[in-house]
Structure formats: structure tokens, C-alpha cells
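This note is written for a colleague who is meeting the structure for the first time. Please keep the sequence and the model open while reading the points.

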Amino acid sequence: MSSVTMLYAFLLYAAFAVLLIGVLRKIIIYARTPQPLKIPTTPAPVTKAGVVWRIAKEVTVFESLFKASKWTWIFGWIFHLSLLLAFFRHLRYALSPESFLWPIINLEIVQSFGKYAGFAMVVGLLGLIGRRIFVDRVRYITSPSDHFMLLLIIGIAITGLLMSFVERIDVIMLKSFLLSLVYFDWNNIQAMPTDTILMVHLGLVITLMFIFPISKLLHAPGIFFSPTRNQVDNPREQRHVQGWTADDSATSKPV
Amino acid sequence: MADFDVPVLKEYPVIPVIQPGSMAHLSPYKSKPDHNTGIGFPGELVDDWHDKAVAKIGDMVKNSRALQVFLDICVKCGACTDKCHYFLGTGDPKNMPVARQDLLRKVYRRHYTFAGKFFGALGIPGFVGAADLTKEVLDDWYTYFHQCSQCRRCSVFCPYGIDTAEISMAAREIMDTIGIGSKYNNEIIVKAHKIGNNLGLPEPALVNTMEGLEEDVKDETGIDVKFPVDVKGADVLLITPSADFFAEPHIDGLIGYAKVFHQAGISWTLSSYASEAANFSMFIGSGDNLKKQAMRIRDAAMDLGVKRIVSGECGHAWRVAYSFWNTLIGPFDFLDPNYPVPQHICELTHDLIARGALKIDKEANDHRIITFHDSCNVSRASRMGNTPGGQFTIPRDIIKSVANNFHDMAPETIHENTFCCGGGGGLLTDDLVELRVKGAMPRMEALKHVIDDHGVNYLTAICAICKSQFAKVLPYYDHPMDMIGSLHQLVSTAIQLGDKE
Ligand code: SF4
Ligand code: SF4
Ligand code: SF4
């Protein structure tokens, strides 16, 4: 096994572990932290089903963002949608055809749209970075790390596009490398193609996975725990107590 | 009239260019030591304030999912940046909701996230938006967390529902914990704990005032409308902001409630022990004080043996009542289960009108051309009725059934999009007039359009703070100060007491 293969095998495992454990840890923290009072932003749904619908709209069509800013919405939505398509398309490198997901992955729409999604992703990201540079309000609240993350993902998208359209790499070889990792086939890890462009692409993806659980990228799991969005508006009908409001009962003496 | 520039009202809303530091000079008076100690906080800035404040942040995120999630997940998308009336009115970038949050978030990141600790150790915490808690940062906290009225407009537009009001409340609680409080809020809470209302009006004065009102209404209508205080066994305990007892235009609203109760034949009473609906402890984010203030109401209800609790016109008070009472001072199993607890006075009146229980002469309001200001705490932090959005339809339904001329302001300034009056969240103090005037700009702009287009001459509000704030700021924008009034003043005008036939 070449040292490049070893290095990437190790980094991919490490990045995956950090991503998984880091995000899980945060999810557990979010789930366990009490929300002592009812604070849904109203008008809010009065049933659980209504809350599911409200959050579904937030994560699929970014309803609140749509109300707020059409430009940010269009760039953000294009970016996230293409990310989703690209993600599905990539699964074919990491899953065997026996996987139950294969029929989805193999859909014409996923494979061909996924291929071009890279372009849309770059457009979306350039729009988002443009706002950070040209809109004075957004520039004011931007930290270097915000630019860094956008550039990182642009780098991933561009190297990916280059591999699809300019400098084709040996995907059969890549797939057998990745499958040997996925199946923990440690005695028989297949060699990774050593094209520079692939190494850069994977290196950036690995970086992204490492920073995910320690950055604002936590918005992905976090939105499901946002009390202003996930609480049912029923404080009069159902008594809500949690955390300090559950600590002591309301039994003070009448005066 | 003012030693600052009053914003110019425009034809169309314009997002200002950022003007860093333009409001850095304005913060409210700090409280005196006994106001802090009176509500359980150190009298003055403690020596180890830095460590105490940092520790308090850690403690608070462990106990509030909202805080934990909100501090973690903001992506700095900027969607909220042009949503705050204080930013729109001042251009100070620290009044953009996300920038206001960042004042606290950067210290949280520095001490409670891997990224902040790592880059902090490298000496470049700013790379990941982290920063140390310095005296300057603390000063910024005091200034800009007292330039937020906790109106939640930003949380409507944030893709993750991040609510700057929660962050402001938390920041004020952290500051109180290290001995820095605002005079206006803390002084009032001390008074409310001691006497039972924000005005410091003791029982004899309250009884006197109510007797005076009985005479006034008798003179005006010839009818004996009662304003009962501490009547045991009454059906309804009315909890209303103490401003209603006292000043124009609030008092006309109270007269309206009394006439409604009178005509519907509902026996009711005020309590001299719990003579305040407002609960300023919410503004300073203090759970202990919030509960302590609210508990007076449970105690009074039990003591008087009432069957229902009805809440008067007040924005944040309705939030506390509707959203928090059941949690803090429930369960209300000792009250009549046939009525919601608490019930808003608008819900009650609306119900009575729907059942034809009130005799209304709409023409009596014909001299008024009316618009309605959605108080933000009612709009975005509570509900009326059984369906979402009842807080918008119920007050408007009432207005339309007691008056003929009603015009809404522009849709992007009402309902859930409503602009704060500019004086909520514990900022209704003279030391902040500049902020209050500038923050009222978006509301004043929308109001000007209905004045110009429809000749509106009556601005209805259902919040004591909104009413006081508008009375103060309307003249700065050349609107008549007395155009602000209660919703129940309209009811009061239209209701026909006694048998006319
Ligand atoms: S809208 Fe929400 S996520 Fe976007 S910058 Fe404002 S607070 Fe952050
Ligand atoms: S809660 Fe209201 S006042 Fe505070 S930042 Fe948000 S919009 Fe501004
Ligand atoms: S005073 Fe009225 S408008 Fe202003 S914050 Fe309170 S409820 Fe909102």
C-alpha cells in the first residue's frame, strides 16, 4: 500500500469519526438542555403535526429566509439544493450496487443533475460570498472564518467539476479504494488514484468534515432544536415545565 | 425640541448605510446598589466580574436550550440585519440583530467552543468570531443590550428562528449577576415586589382612584359602573397594567373594560396585592424575579376566590400571562375550567360581541378614523383565541364592530411583521428618548402613510408601554400626541349602557 493511500485512508476515517461523534455529541447536548419556558415565535402551530410541517418548510424551502431576503434565499437555496444532489451522486462511489439506496442513486436525474449541480453550487456560493463583500451590513458581521468556509466549499466544487469535465480520473479505482474503506476491509485496502486534483478535492472535503462539528455548520442539526420553531403554541392548554421551571412546584401560600 | 436629529420619514422604507458607533453614546442610567440588592443581585460591579460573567454564560447555556442553540448556529447570513427598528432608525451596525447577538456570542465562542479556545490560544480569536471579555466589551453589552426592545421581529426572519430577545434577556441577567443593572428596570421591580405595582400605588390610593372613576363615569353616563377592589368571591380577577389606573390614554381603556363587565353582568375585581400585569423581570431575564412577581397573581386569585383571571391591555404582560403563567404559577385547577386561563380582555369582549351581549352604537365612533398597531409581544410571543393569528383578527374584529372607519397600515408593518413602538423591553425611560424616537421611525413612517392616504386620526394600541411610548414620540414626528388610544376606549365610546328605550 502506498503512503498516499495510507494517509488518505487514515484521514478519511479520522474525519468521519470526528464528524459523527462531534455532531452526535452536539445533538445530545441540544436534546438534553432544558427549555424552561414556552417561546415559539407566533403565530405558531397549535399541534405537533403543525410543528413538523413548519420545520419541514424551513429545511426544504427556507421559508423564513424567503420572507427575509430574496437574494440570500435564492443563492442559499441553489447552493443547498445542489449540495444535496451532489451528495447523492457521490454515494455511488461509496456504496455497492447491492445497497438499498442504489435505485435512488442510479436515477438518471440524480446522476446527470448531480454532475451539473457543481456549477449551480459555485454560482450559489459566489452569490453568498458576493454579499459578504459588497453589502455593508453583511460585511460588518463577517469573520475571516466565514469567508474561509465558503472558499473551502468553492474549492471542493471546482476540483470536483474539474474531475468531471476536464481531467478525468480513474473512477473504478477510486471506487474500489473507497469501498474497501466502507467495508472495513483493512487487510486488503485498495490503492487510491494519486491524481493531484483528487488529492486536493478529498483533502478539502476532509477539512470540511473536521470543522463541521466545531463551527456554525451546526446549523444543520441545530435548526431542529430551535425552540422558537419547534415548540407547539399551547401554553394555556398544556402546562409546560422543564429545567428550573420544573424544579419547584407552584405552591406558595395564599396571602 | 430635540438635541439629536429626528429621522426624516420617507416615501418608501430605505435601509440605512451602516454608521459604526452612531449610538455608542447612549445607555440608560445604572441602578443604585439597593435596587440591585432588592432583587437579589450584588449592589455594584464585583471585583472578579470577568470570571463571574464567563462562568455565568456557561451556566446559562446549560439551562437554556434556546441560548445554547442560538449561540452555536448563527451562520451570519445577514437576513436579520435590516429587520430591527433600532438599526433602521439609527444605522448603528451594533443594532443589527446578529451584531447585537455577536456581542455575547463572541465571548461564548472564546470560552466555550473548541474553535474559540484554539484560535484564542494562537492569539487570533477574531478569525473565528471569538473575543475576550474586556471592559470595552462589557460597556458594549450595557449599551447595546439596552438598545433592544426584545420585540422578536428578527426571529421571524431568521432561517433558524434565532431570537435576539432571548440573548438580550440573558445578557442583562449576566450583567445583573456581576452587579450592573439598569435603574429604570430594577427600581420598578423592587417597587412591584414591595407594593404590588410598578407605580408604587398603595391600596388606599388605588381604592380612592377607583372611587373617583366611578364618579366620573356616573357623571358622564348616569350609570353606576363599579370599579371594585379586593372583592372576595367575584367571578373575575382583572390583572391590568397599573398605567391603566392612572394616566391618559390608558385610563379610558380601563373604563372600557368596566363598562363591558357591567353590561355583561360579570362580577369582577381588582386586587390591591396583585395590582400589576406588567412583569419587568422578563426584560432583565431573571427567572427568579419573573416567578416571584407572577406568584402574587396566583396568591391573589386564591385569596379572593375568583373563578377566572382576565388580563388587560398590555403587550409583554400578555406574553408573560399567556406563555409563562401556567408554567410559573400553574396549574390553575382552582379556577373555572370553562374559561381559558388567563383570558385576554379582547378575547372576552370579542366573545360578548359575537354573542350579541353588548349594545353597540358604531356611529358613536364616527369622528374617528382608526388604525391598529400590533404590539409585538402580542403578535410574536402569544396568541388570542383558538387559532394561530387570533391575536391579529380578534382586536381588528372588535374595532370593526364598534367603529365604521378602519384602515390597516402597510402589510409589511403589521401582524407578525409589526414594528415595535420603540419603547418596549424595559427602555421606556427618559434617559433613552433619543433611542425611542429613532426606533419609532419605521412605525411612524407606516403611520404617516395611512394619515396621508386615509386621514387616520386614531392609533389604537393594546399595550401600556406602546401607549406611553407613542404619546411621547408622536410629536417628534409632527403627529398629534392624543391620537394614541386604547382599544377599549373605542369600545367604551360605542357601548350603550342602560335602557335607552
Ligand atoms: S438571520 Fe439568523 S442566522 Fe442569519 S445572521 Fe441573523 S441571526 Fe444569524
Ligand atoms: S428583538 Fe427587536 S429590538 Fe431586539 S434585535 Fe431583534 S428586532 Fe431589534
Ligand atoms: S411596547 Fe408594545 S410595541 Fe413596544 S415592545 Fe412592547 S408590545 Fe412591542
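This is a predicted model: local features need pLDDT of at least 70, side-chain atom pairs count only at pLDDT 80 or more; totals for chains, interfaces and linings use all residues.

1. Residues are numbered from 1 along each chain as its sequence is written, chains are lettered from A and ligands numbered from 1 in the order in which they are written, and side-chain values use heavy atoms, with hydrogens and water left out.

2. Chain A has 13 helices and 0 strands, where helices (H or I, at least four residues) and strands (E, at least two) are DSSP runs numbered from the N terminus. Along its principal axes, the C-alpha trace of this chain spans about 80 × 45 × 35 Å. Of its 255 residues, 48% count as buried, a term that stands for under 20% relative accessible area, with exposed being over 50% and partly exposed in between, for a 1.4 Å probe and protein chains only.

3. Which residues come nearest to ligand 1 and ligand 2? A residue is taken as near a molecule if one of its heavy atoms lies within 4 Å of it. Ligand 1 is surrounded by 13 residues, the closest being B:C74, B:C77, B:G78, B:C80 and B:C158, and its shell divides into 10 nonpolar, 2 polar and 1 charged. In these classes Ala, Val, Leu, Ile, Met, Phe, Trp, Tyr, Cys and Pro count as nonpolar, Asp, Glu, Lys and Arg as charged, and the others, Gly among them, as polar. Around ligand 2 there are 14 residues, of which B:C84, B:C148, B:S149, B:C151 and B:C154 come nearest. Two or more residues of that shell come from each of α4 (85-90), α5, α8 (153-157) and α9 of chain B, and by class the shell has 7 nonpolar, 4 polar and 3 charged residues.

4. The shell around ligand 3 includes the cysteines B:C376, B:C420, B:C421, B:C463 and B:C466, and among its other members are B:H373 and B:N377. The elements giving two or more residues to this shell are α16 (376-381) and α20 (464-473) of chain B. By class it holds 6 nonpolar and 5 polar residues, and no charged ones.

5. The second largest pocket contains about 670 Å³ of space. On a 1 Å grid over the protein atoms alone, a pocket is an open set of points with protein on both sides within 12 Å along at least five of seven lines, a cavity is a set where a 1.4 Å probe fits but cannot get out, and lining residues have an atom within 4 Å of a point. Grid points are joined across faces, edges and corners, and a volume is the space filled by probe spheres set on the points. This pocket is lined by 30 residues, with A:W244, B:M60, B:E173, B:G285 and B:G287 nearest its centre. The largest share of the lining, 5 residues, comes from α9(B), and by class the lining has 14 nonpolar, 10 polar and 6 charged residues. At least three lining residues come from each of domain 1 (33-181) and domain 2 (189-407 + 456-494) of chain B, the bounds being those of an automatic or database domain assignment.

6. The largest share of the lining, 3 residues, is given by α8(A), and the classes are 4 nonpolar, 4 polar and 6 charged.

7. The second largest cavity holds about 100 Å³ of space. Of its 13 lining residues, B:E276, B:A278, B:Q293, B:A294 and B:I297 are closest to its centre, and α13(B) supplies the largest share of the lining, 4 residues. By class, this lining has 8 nonpolar, 3 polar and 2 charged residues.

8. How many of the 18 residues of α13(B) are buried? The number is 14, so this helix is largely enclosed by the rest of the structure. α13(B) reaches 26 Å from its first C-alpha to its last, close to the 26 Å expected at 1.5 Å a residue, the expected span being 1.5 Å times one less than the number of residues. After α13(B) comes B:G305, whose phi is positive, near 65°.
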